[in-house]
Amino acid sequence: MSAPAGEPDASPVRVLVADDDADIRDLVEFKLTQAGYAVEAVPDGISAWEAFEANPPQLAVLDVMMPGLSGIDVLRKIRESEFPSVPVLLLSAKSRDSDVDTGFAVGADDYVIKPFSPRELLHRVNGMLARAR
Amino acid sequence: MIIGAALLVGATVVILGACVLLVILVVAVRARRHSRNQRDEMLMSPLRSALITVASGEDDDGAAAEQLTWATGVSRVVLDRNIVEMLGKIRGVPADQLVHVLEVHGAVDAAVEDLTSRSSVRRARAAQLLGLARAKDTVPLLVTALGDESVEVRNSAAYALGLIGDPAAAGPVLAAIGAPERGLPAATAAEALQSMGVGISEVLRDGMADDNARTRMVAAHLSAERSFTLGLPQLRRLLSDDPDLTVRETSATAIGRLGRGEDADTLVRHTADTEPLSLRRACVVALGELGDTRAVPALAEILDDSDPRLAELAATALLSMGAEGSAALAGHEDDPAVRTARLLVSLQRASA
C-alpha cells in the first residue's frame, strides 16, 4: 500500500508516534515507514512532547495512557503550541464514549480504539494528511 | 524480668530474620523474572522482525508468517506467548494470520485440552487464548467454563466469549450472573455481552424477567446501552413493579435514554416523595435525559425539595429542556441548588 508521502522529490512526511507499548510502537512505526513516511517513535509522553518541540511533525499518533504525560496532555500542549494545527490521531484502549468525547474535546482529529487494524490506521493517517494539505 | 527481656530479644530476632528472608525472597523472584525476561527477549530476537511484519499487515507474500511457524521448542513457547499478547492489540487480517501461526504450533488445540487442566491458572489462560484466537468452535467449551469453580476462569471464559462475539453465547453469559455460588460478576458479563452485537436483543428482554436481580439489572442496563427499544415495555414494568431498588433505578436510567415522550409521566410518578430517594434521583436525571417538557411542572416543584441534591438534579434537568425549562427556574435563581446546577452545566459546556 503506497503512501502519499508528499510531492515527488519532496522529503517524506514526518510522523511522530508515541506509545509505551513496544509492540504497538514498533508495528505502527513499521507500517507507516513501509508506506513511505519518516517516523519518529518514542516510548512516553514526555519524549513525545520533546520530539514535537524539537522538530514538529506533520502528524502525530499518540497513545492516550502513557507514563509521564498522557496522550491527552501532549495533545493539549500541541494545541497550545506554535503549531496547533498539526493533525493528531489518538490511539487508545479506552473505548468508552466519554473517553472518545474527551479526546475530541481536547482537539484530536481522529480516535482509534485498540485492538485496531493497522491497515485502517494507515488509511486514517493518509486521510488526515490529505485533508490537512 | 529476665525472661521477659529474653522473650523480647527472641521475638525481635525472629521478626528481623523474617524480614531478611522476605527481602531475599523478593530479590530472588525479581532476579528470576529479570533473567527470564532477558532469556525471552533473546529467544524472540530473531523472530521479532517477522512478528512485527505480520502484525502490521505487511506480510504480503506470507514469508514472515511462515518463518514464525518454524519456531520450535522454548522459542515457540515464548513466541506463542508474544502472539497471544499481540492478539489483544490488533484485529483484522494480521490477527487472523497470527492465529494461523498459533494453530500450526498446536497452541489452540493445547488450549482446548488445558480447559480441563487441574490448574485454574492454566484453565484461565486457555480460555483467554481461545477468545483471542476467535475460536468460534470452542464456544460450547467456554460456555461450560462459565460454571468453573474458579472465578478467574469464569471471568476469562466470559471475556473470551465476548471476544468471539457469538450471540448464541449471550443467554449462558447472562444466566451465569445468577448462578448460585459460582456467579459471574455483573460487570464482566456486561462487558462480554456488549461485544455480541444486535443478536442479543431477545436474550436481554428475557433477562429482564429473570429471577435474579443482578441479571435483570444487567439486561436493563444493556438494553439502554445498545438502544434496544423493543425492551421498553419490560423496562417500564421493572421501574414500576420490580422488588429490587437497584433494578428500578437502572430501569429509570434506561428509560431516560431510550424512552418516548409519554414516558415522562411514568418517570414523574416515581419522583414522588413516597418513593426511595435514590429512585427519585434516578428518575429526575432520566427526565432530563428524556428532555420532554411535559415534566417541567413536576421538576419545578422538586426545586423546593428538602433534599438539596435532588433539587440540584431537577435544576440540571430543567436547564437541559431549553427555554421552557429555564423559564421554570425563575424565582429560584438564588437557590444554592440552581446556582450549583448552572455552574456545573457551564463547566460541562466549556469542557466540551
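The structure is a predicted model.

Chain A carries an annotated region. In an unreviewed UniProt entry, residues 14–129 of chain A are annotated as "domain: Response regulatory". This span is 47% helix and 21% strand. Its end C-alpha atoms are 11 Å apart.

The contact between the chains draws on 14 residues of chain A and 16 residues of chain B. On the chain A side, helix 1 (22–34) and helix 5 each supply at least two residues. Helix 1 of chain A gives the most, with seven residues. By class, the side of chain A that touches chain B has seven nonpolar, five charged and two polar residues.

Helix 4 of chain B spans residues 93–105. Its 13 residues reach 19 Å from the first C-alpha to the last, close to the 18 Å expected at 1.5 Å a residue. The buried residues of this helix are Pro94(B), Ala95(B), Leu98(B), Val99(B), Val101(B), Leu102(B) and His105(B). Viewed down the helix axis, they fall within an arc of 155°, so they line one face of helix 4 of chain B. The cover over these buried residues comes from both chains. It includes helix 5 (118–132) of chain A. From chain B it includes helix 1 (2–55), helix 2 (63–69), helix 3 (73–87) and helix 5 (107–114). Just after helix 4 of chain B, Gly106(B) takes a positive phi of about 80°.

Leu132(B) is 33 residues from Val99(B) in sequence, and their C-alpha atoms are 8.3 Å apart. Leu132(B) belongs to helix 6 (residues 120–132) of chain B. It counts as buried because 25 C-beta neighbours lie inside 10 Å. Beyond its neighbours within four places in sequence, Leu132(B) contacts Val84(B), Leu87(B), Gly88(B) and Leu163(B).

The largest nonpolar core holds 143 residues. Within it, Val173(B), Ala189(B), Leu287(B), Leu299(B) and Ala314(B) touch the most other members. Helix 8 (residues 151–164) of chain B gives the most to this core, with eight residues. The contacts of Val173(B), leaving aside neighbours within four places in sequence, are Leu146(B), Ala158(B), Leu161(B), Ala189(B), Ala192(B) and Leu193(B).

Most residues other than glycine have a negative phi, and most peptide bonds are trans. In chain A, a cis peptide bond joins Lys114(A) and Pro115(A), with omega about 0°. Pro115(A) sits in the loop between strand 5 (110–113) and helix 5 of chain A.

In chain B, two non-glycine residues with positive phi lie in loops. Arg134(B) has a phi of about 50°. This residue is in the loop between helix 6 and helix 7 (139–145) of chain B. Arg134(B) counts as partly exposed because it has 17 C-beta neighbours inside 10 Å. Ser227(B) has a positive phi of about 55°. The loop that holds Ser227(B) runs between helix 12 (213–225) and helix 13 (232–241) of chain B. With 11 other C-beta atoms within 10 Å, Ser227(B) is exposed.

Conventions: Residues are numbered from 1 along each chain as its sequence is written. Chains are lettered from A and ligands numbered from 1 in the order in which they are written. This is a predicted model: local features need pLDDT of at least 70, side-chain atom pairs count only at pLDDT 80 or more; totals for chains, interfaces and linings use all residues. Helices (H or I, at least four residues) and strands (E, at least two) are DSSP runs, numbered from the N terminus. A residue is buried if 20 or more other C-beta atoms lie within 10 Å of its own, exposed if 12 or fewer, and partly exposed in between; C-beta atoms are placed from the backbone. Two residues are in contact if their C-beta atoms, placed from the backbone, lie within 7 Å. The expected span of a helix is 1.5 Å times one less than its number of residues. The arc is that of the directions from the helix axis to the C-beta atoms. Ala, Val, Leu, Ile, Met, Phe, Trp, Tyr, Cys and Pro count as nonpolar, Asp, Glu, Lys and Arg as charged, and the others, Gly among them, as polar. UniProt positions are given in the numbering used here, feature names are shortened, and annotations may be inferred rather than shown by experiment. A nonpolar core is a set of buried Ala, Val, Leu, Ile, Met, Phe, Trp, Tyr and Cys residues joined through C-beta atoms within 7 Å.
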